[in-house]
Amino acid sequence: MKEMMMCSICYGKETRDIAIPSENLIKILTPKDSDGCGDETALLREALEHPTASRRLREMARPGMKVSIIADDITRATPTRMMLPLVLEELRAGGIGDKDITVVFATGSHRRHTMEEKERLIGGRSILEAIRIVDHNAFDEAQLVNMGVTTRGTPVHINKWVADSDLKVMLGLIKPHCVAGYTGGGKSILPGVSSINTIIADHNYTATAHPLSIIGVIDGNPIRSDIEDA
C-alpha cells in the first residue's frame, strides 16, 4: 500500500483535507509565519507613507487627474478591503476627487463578480456607492483600447479605464506562480486587464512550455545552462 500524506487546501470559502501519495509530493509551500508582525492596518499605512523607490502616492496625485486602481479578483486572497480605503485616503489627500477614480477588477479571462463578491472584496457598500467599480471584460471590444504590438508580435489591448487614466495604482498579491515564477506586479495588466486575444498570445504553449516557465523563476532569457543540460 502506498504511503499517503494528508494536505489541507483552500477550496472556496472552506479548507479541505486531501490525501496525496508521498512519492508524488515534492514540497508544500506555505506563507511565511506572520505572528508578531503587529497591526496589519498600521503596517499598510507605514508602507504608503514610506514607499520603496517611489514618491508617496499623494505626492504623485494632482487635482483633475483620472486614476485607475487595479484590484485582484475573487480568485486571489489579496486583502483589498484593507488596502483600498488607505489608498483612497492618499489619493484624496493629493486632491483627487471620487468622481475621477475607477476601481477595475483584474479578472483577466475570468467571470464577472456578483454584487456580494464586490462588496466583500472592497470592504463594504459605502465604497461601492462612492467610487466607480467595474469588472474588466476581456471579450468586450468596446471596453478595450488598442495599444499596438510588442516586438514579439503580441497584440496589446487593455481596459479603457486603465489606458485612459493619468495615474495607475495596482493592488496585487505577489506569490509564487507555477508558470510566471511569481504572480502579481505586471500581471495586473497582463492578463489582468488585457483582451482575450492579448491573453492568448501571451499565455501560449511557447511561453508556458519554456524550461524556465516554472515556480519561483522570473528571468526566462537566456535559458540557464544547468536546465539545458538537465
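## Accessibility and the basis of the model

Buried here means under 20% relative accessible area, exposed means over 50%, and partly exposed covers what falls in between, with a 1.4 Å probe and protein chains only. By that rule Leu 25 is partly exposed, because its relative accessible area is 24%. The structure is a predicted model, in which local features need pLDDT of at least 70 and side-chain atom pairs count only at pLDDT 80 or more, while totals for chains, interfaces and linings use all residues. Residues are numbered from 1 along each chain as its sequence is written, and side-chain values use heavy atoms, with hydrogens and water left out.

## Overall architecture

The protein chain has nine helices and ten strands, where helices (H or I, at least four residues) and strands (E, at least two) are DSSP runs numbered from the N terminus. Taken along the principal axes, the C-alpha atoms of the chain fill a box of roughly 65 × 45 × 35 Å. Of the 230 residues in the protein chain, 32% count as buried. Among contacts (heavy atoms within 4.5 Å) with a separation of 6 or more, residues 24 or more positions apart account for 62%.

## Surface, charge and rings

The accessible surface of the protein chain comes to about 14,500 Å², and carbon and sulfur atoms contribute 54% of that area; such areas come from the Shrake-Rupley method with a 1.4 Å probe, and for residues only the protein chains shown count as cover. The chain carries 27 positive and 31 negative side chains, and the centres of the two sets lie 4 Å apart. In this count Lys and Arg are positive and Asp and Glu negative, with His and the chain ends not counted, and the place of a charge is taken as NZ of Lys, CZ of Arg, CG of Asp or CD of Glu.

The charged end of Lys 160 sits over the ring of Trp 161, at 4.8 Å from the ring centre, the criterion being NZ of Lys or CZ of Arg within 6 Å of the ring centre and within 35 degrees of the ring normal. Rings of Phe, Tyr and Trp (its six-membered ring) pair if their centres lie within 6.5 Å, with planes under 30 degrees apart counted as stacked, over 60 as edge-to-face and the rest as tilted; by this rule the count comes to zero aromatic pairs.

Ala 19 lies in strand β2, residues 14-21, and counts as partly exposed because its relative accessible area is 42%. Leaving aside neighbours within four places in sequence, Ala 19 is in contact with Met 4, Met 5 and Met 6. The C-alpha atoms of Ala 19 and Val 149, which are 130 residues apart along the chain, are separated by 46 Å.

Leu 25 is placed in the loop between β2 and α1, and, with neighbours within four places again set aside, Leu 25 is in contact with Met 5, Cys 7 and Ile 20. Leu 25 and Met 5 are 20 residues apart in sequence and 8.0 Å apart in space, C-alpha to C-alpha. Leu 44 lies in helix α1 and is partly exposed because its relative accessibility is 23%. Beyond neighbours within four places in sequence, Leu 44 is in contact with Met 82, Met 83 and Leu 86, and the C-alpha atoms of Leu 44 and Met 83, 39 residues apart along the chain, are separated by 6.9 Å.

## Loop residues and backbone geometry

Ala 53 is found in the loop between α1 (40-49) and α2, where its phi is near 55 degrees, a positive value in a residue other than glycine. Ala 53 counts as exposed because its relative accessible area is 84%. The peptide bond from Leu 190 to Pro 191 is cis, with omega near 15 degrees, and Pro 191 lies in the loop between β10 (181-183) and α7 (196-202).

Arg 62 has its place in the loop between α2 (57-60) and β3 (67-72), and at 43% relative accessibility Arg 62 counts as partly exposed. Apart from neighbours within four places in sequence, Arg 62 is in contact with Arg 55, Gly 94 and Ile 96. Arg 62 and Gly 94 are 32 residues apart in sequence, yet their C-alpha atoms are 5.8 Å apart in space.
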